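Subject: Structure handover: pockets and a helix pair

Hi,

Here is the structure I promised to pass on. Please load it first, then read the notes below.

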Amino acid sequence: MYKKELRKLYKEKRKKLTIEEIKKRQENIYKQVFAFDFSKVKNIHIFLPIKHQKEIDTYPIIAFLRKKEKNIIISKSDFSTATLQHFLLEENTELQINKYGIPEPVKAKEMPVKEIDLVFVPLLISDELNYRVGYGKGFYDRFLSACKKEVISVGLNFFAPITIIEDINEFDIALHTVISPN
């Protein structure tokens, strides 16, 4: 299938997930994330969930990473350029929901993209080659292409990967791994 069709299909599938299904899938994802070896990374970028899109709740992952004394980095979206600015998420960082439902930092310390060691990436679906379908604006492909070569990219997904996304292009960046409930 093509990205446009997959985007529509998996938005709908995610919308139909019950609270209980989401909890169970998240718990399986958390177990896998918590088993990850974080010893070689210090600066970890993570997305904050868009609640109305039923995205994975990343706050338990953030709490876990804080206990590991990792720097947590989140972004602000610039929709005019489809780019992200990155900021340190401290325990007292104020968050504000933008018009798209994305929690974003207010008056936080900006972090250089080249200092990020690991990125947790949101997605709707991925394929067996770890390419992803997001919301279609290219924010994360631009972001990942600006990161240092050694950055580790990890997708978090409620659904098992499909075989292939048919319309991958030269701007799409495969993730290192994708964590799904299975």
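A pocket here is an open set of grid points with protein on both sides within 12 Å along at least five of seven lines, and its lining residues have an atom within 4 Å of a point. Keep in mind that this is a predicted model.

Largest pocket

The largest pocket holds about 830 Å³ of space. Its lining counts 39 residues. Nearest its centre lie Y135, K137, G138, F139 and Y140. Which of them gives the most? That is α4, with five residues. By class, the lining of the largest pocket splits into 19 nonpolar, ten polar and ten charged residues.

Second largest pocket

About 160 Å³ of space lies in the second largest pocket. Its lining is made up of I19, I22, K23, Q26, P49, I50, K51, K54, E55 and D57. Five of these residues are charged, four are nonpolar and one is polar.

Helix pair α2 and α3

Helix α2 covers residues 19–34 and helix α3 covers residues 59–67. They pack at an angle of about 20 degrees, and their axes are 10 Å apart. Angles under 35 degrees count as roughly parallel, so α2 and α3 are roughly parallel to each other. The crossing of α2 past α3 is right-handed. On the α2 side, the contact uses Y30, V33 and F34. On the α3 side, P60, I61 and F64 meet them. The contact of α2 with α3 has six nonpolar residues, with no polar and no charged ones.

Best wishes

Key. Residues numbered from 1 in each chain as written. Predicted model: local features only at pLDDT ≥ 70, side-chain atom pairs only at ≥ 80, totals over all residues. Heavy atoms only, no water. Axes fitted to C-alpha atoms, helices over the stretch in contact; angles between N-to-C directions. Helix = DSSP H or I, 4+ residues; strand = E, 2+ residues; numbered from the N terminus. Parallel < 35°, antiparallel > 145°, perpendicular 65-115°, else oblique. Left-handed = near helix turned anticlockwise from the far one by under 90°. Contact = heavy atoms within 4.5 Å. Nonpolar A, V, L, I, M, F, W, Y, C, P; charged D, E, K, R; others polar. 1 Å grid on protein atoms, 1.4 Å probe; cavity = no way out; pocket = protein on both sides within 12 Å on 5 of 7 lines; lining within 4 Å. Points joined across faces, edges and corners; volume = space filled by probe spheres on them.
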